[in-house]
Amino acid sequence: MRKTLSALLTLVLMLSLFSVSALAATRVKNHEHTLDEGTVTQEPTCYTRGWITYVCTDPDCDYVCREAIPATGHNLDDGAYLVVPTCSGMGEMIYHCQNPGCTYLTTHIVPYLGHRMELDEVISEPSCTHPGLTRYVCAREGCHAATIIDFPSLGHRLDEGVLSVEPTCTSSGSIVYSCTREGCDYTKTQWVAPLPHTWDEGTITIEPTEHTWGRRIYTCTVCGATTPVAVPPLSAIFRLALHSGVHYSVDPDMDTTIRSDGELNFQIIFDDGWIAGDDFAVTANNAQIRQEDDGTFTICHVEADTRVSVTGIVRE
Ligand SMILES: [Zn+2]
Ligand SMILES: [Zn+2]
Ligand SMILES: [Zn+2]
Ligand SMILES: [Zn+2]
Ligand SMILES: [Zn+2]
């Protein structure tokens, strides 16, 4: 009894697993059935499946089977607005099932549209110094949203400039730049540095001697300005006679470098042995120089690579 129940259950399970199931028949021939093209014996609906029934075309065979047609599901129409959306308000659509006999309906929220801004009026064109103003309004019917957008000012557009005052060797010149935009009279003046003097070849006003400095005066051929320059003594090759006894040569108006540390005491000696007087100046970078009562010089706080210069003093 229990075995029979189990077999029956298995049969029911098989019938539900395979959509094609043989119906009870009284006259089933033991042959390979030839099925007709089938007849819809139950139409499917949105929710329930239908059936196609096939029969064996052999008139002596009563074999019949059927195949399920899946439920169709709803067939919604294109929908209609329940609430029409606006620029800032949500809308709502309603959809109906078009399948015969089905009353299913559903609604969907439609997002708001946002404004469709379009150019309405150019209130003012931008200029060199003022922004331009333009009004935009929403083009959607029934919406009155408007906004004014300003475009930044253009800034001046200067030309290449005109030399309005020529510079000379005694005065500055100027260039005037003008804005080329229509209706703008802005100008900008830029100063031009004075020209250098045009020096002649100079005139000796004090002749140098063997051991004393002379003087040459240069004159500008344009404005007449003058500048004096010391002329080195005729026998001038200077040597720094340091206490250590080491001699360094210093050309007049040139530099030499003392590679030593500490405090140095020295004299300026001409190449012919003559000891220099007081008609020249001694300078040094990164050190101080003191002239002693006996005419010698002391360089204080000498660092490595202290640079000594000898320059003639120009006297009137
Ligand atoms: Zn058959
Ligand atoms: Zn439906
Ligand atoms: Zn709008
Ligand atoms: Zn301008
Ligand atoms: Zn000049």
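Two strands pair if DSSP finds at least two bridges between them. Helices (H or I, at least four residues) and strands (E, at least two) are DSSP runs, numbered from the N terminus.

This is a predicted model, in which local features need pLDDT of at least 70, side-chain atom pairs count only at pLDDT 80 or more, and totals for chains, interfaces and linings use all residues. Residues are numbered from 1 along each chain as its sequence is written, while chains are lettered from A and ligands numbered from 1 in the order in which they are written.

The protein chain holds 1 helix and 24 strands. Of its 316 residues, 8% are buried (20 or more other C-beta atoms within 10 Å of the residue's own, with C-beta atoms placed from the backbone).

One sheet is described here. It is open, has 3 strands in the order E11-E12-E13, and pairs in the antiparallel sense. E11 and E13 are the edge strands, each pairing on one side only. From one strand to the next, the twist averages 35° (axes are lines fitted to C-alpha atoms; angles run from 0 to 180 degrees between N-to-C directions).

Strands of a sheet pair through backbone hydrogen bonds, either parallel or antiparallel. The two pairings here are as follows.

| Strands | Residues | Bridges |
|---|---|---|
| E11 and E12 | 162–165 and 173–178 | 3 bridges, antiparallel |
| E12 and E13 | E13: 187–192 | 6 bridges, antiparallel |

Leu163 stands opposite Ile175 in E12. Val165 has Ser174 of E12 as its bridge partner. On the E13 side, Tyr177 faces Lys188.

Key
Buried ≥ 20, exposed ≤ 12 C-beta atoms within 10 Å, placed from the backbone.
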